[in-house]
Amino acid sequence: MGFAFSHKIVMAKTSANFVCAACGNATTKWAGRCEACGAWNTISEEVPLSQSGPAKKTLGNSRGRAVPLTDLSSTEPPPPRVASGLSELDRVLGGGLVPSSAILVGGDPGIGKSTLLLQGAAMFARAGLKVIYASGEEASAQVRMRAQRLGLADAPVKLAAETNLRDILTTLEQERPDLAIIDSIQTMWADNVDSAPGSVSQVRAAAHELTSFAKRSGMSVILVGHVTKDGQIAGPRVVEHMVDTVLYFEGERGHQFRILRAVKNRFGPADEIGVFEMTGAGLAEVTNPSALFLSERGQPSPGSVVFAGIEGTRPVLCELQALVAPSPHSQPRRTVVGWDGGRLAMILAVLEARCGIPFAGLDVYLNVAGGMKISEPAADLAVAAALLSAREDVSLPPETVVFGEISLSGALRPVSQTENRLKEAQKLGFTSAIAPSGGKAGASSGMTLQQMGDLTAFVGDLFGAG
Ligand code: TYD
Ligand code: MG
């Protein structure tokens, strides 16, 4: 009789101690490469947020408050918006700033985020909002100097140079601004979180405190987030899910164009872009991006094709450039700037399999001029045209734009907004367009429209081959 049980309790390891700085994925062990996002050297150890011992009673057992329920049909007025007057910024926000919204503006260091937001702060302040600009990166004097240089010194913006989140929140509580700009979220330091500024836990905690303050108080908050290349500092992606709107400020070093792109927006269309030009006196709005993107185009030359695209709600024309040259390598190069490398491989495969035009043994370079990034499948046909034009060393007819999606079978698929694309092309002096058959094109545009059903017809028509 009498069995002796040994009560050896094995505590399960409850917390994941390693976090990826790029995507925020948590794991229990270190790895060189993040399983979730594929980034290298981004995983580091972090002290978990809650080390408060065993979990409390589950929420379901305690009595909460019954929340009021409404119907889907209940009529709430659309959110009131304040426009800054900086129309490219207002457009990307979906028509202006929505009260108590949280916005993230991400971008590479040095791309111009602080410049953009200082200009935005000044414009919103002039439009009547109470604006606080809190910088954790620059001293107030530096920000003031920049404002002077940009001719914004008279705007009623309140500055703070501070990184302590508790002090910033207390200030916001007292001042009750309509808009607070936090530059940058990676420099903020919450003293209740036991890890270094810039770590995933710190960035998340700061973003959480600031966005919940915004929701509670009716203030809007704009968080600046640097896109980071190494794993020492958490990137803006770890807070994307906490905010209403995610904007990325993009551009190529050495180009003056900057594109503000909405990748998520609860209060407006995603994919909308605003175009700016970085000048000696700050960011200038570009109201006609097509003219800007085509401004450096010289005479029609082999490999150069103008694509009539749509960005957000606007047609935008830009130039695609291809270079095809015999490769000295056993593995020929495929280099793409401004477009998707996988999509390029697909177009090359379709050209080879359906039209019998091989690219084996040839290096292929594709570039979207002006630092623009294109994600529309409608660029397929323009890419194919640029590749063929470069390979055959034949220029496309001048004043021609190209657009259309290519399927794996080699068929050309019509794309949306044919009419808008044609109108924009005509406005910029183009006289003809090559597009898939079946697209809805009105007779009004006055452009010569060449419509084709598949890629073979296209190759035959333009290059006399296929
Ligand atoms: P900044 O806004 O500080 O970038 P970020 O906040 O994204 O790190 O911009 C810095 C760059 O912008 C810097 O290289 C200088 C350039 N710049 C101009 O060309 N003109 C200007 O009027 C200003 C203010 C900056
Ligand atoms: Mg900055």
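Q: Where is D271 found in the chain?
A: To place a residue, look at the elements on either side of it. Helices and strands are DSSP runs numbered from the N terminus (helices H or I, at least four residues; strands E, at least two). D271 sits in the loop between β10 (257–265) and β11. This is a predicted model, in which local features need pLDDT of at least 70, side-chain atom pairs count only at pLDDT 80 or more, and totals for chains, interfaces and linings use all residues; side-chain values use heavy atoms, with hydrogens and water left out. Residues are numbered from 1 along each chain as its sequence is written, while chains are lettered from A and ligands numbered from 1 in the order in which they are written.

Q: Is T287 buried or exposed?
A: T287 is exposed, because its relative accessible area is 62%. T287 belongs to the loop between β12 (282–285) and α6 (289–293). Contact means heavy atoms within 4.5 Å, and beyond its neighbours within four places in sequence T287 is in contact with E88 and R314.

Q: And S199, buried or exposed?
A: S199 is buried, since its relative accessible area is 10%. S199 is in the loop between β7 (179–183) and α5 (200–217). Leaving out residues up to four places away in sequence, S199 touches E46 and A234.

Q: Which side chain does S199 join in a polar contact?
A: A polar contact is a pair of N or O atoms within 3.5 Å; within protein, one must be able to donate a hydrogen and the other to accept it, and residues adjacent in sequence count only if both atoms are side-chain atoms. The side chains of S199 and S195 form such a contact at 2.9 Å. The S199 side chain also reaches the backbone oxygen of A196 at 2.7 Å.

Q: Which peptide bond is cis?
A: Look at omega. The bond from D183 to S184 is cis, with omega near 0°. S184 is in the loop between β7 and α5.

Q: How many residues surround ligand 1, and which are the closest?
A: A residue is near a molecule or strand if one of its heavy atoms lies within 4 Å of it. For ligand 1, the shell has 17 residues, and the closest are G110, K113, S114, T115 and G282. An N or O atom in the S114 side chain is 2.7 Å from an oxygen atom of ligand 1. A backbone N or O atom of T279 lies 2.8 Å from a ligand nitrogen atom, and a backbone N or O atom of G282 lies 2.8 Å from a ligand oxygen atom.

Q: What percentage of the accessible area of ligand 1 does the protein cover?
A: Accessible areas come from the Shrake-Rupley method with a 1.4 Å probe; for residues, only the protein chains shown count as cover. Ligand 1 has 560 Å² on its own, and the protein covers 73% of it. Two or more shell residues come from each of α2 (113–126), α3 (140–149) and β11 (273–279), and α2 gives the most, with three.

Q: Why does the length of helix α7 agree with its residue count?
A: The expected span of a helix is 1.5 Å times one less than its number of residues. Helix α7 (341–355) has 15 residues, so it should span 21 Å, and its end C-alpha atoms are 21 Å apart.

Q: Which residues of α7 are buried, and what do they pack against?
A: The buried set is L344, M346, I347, L348, V350, L351 and C355. These residues pack against β15 (334–337), β16 (362–368), α8 (380–392), β18 (405–406) and α10 (455–463). After α7 comes G356, with a positive phi near 65°.

Notes:
Buried means under 20% relative accessible area, exposed over 50%, partly exposed in between (1.4 Å probe, protein chains only).
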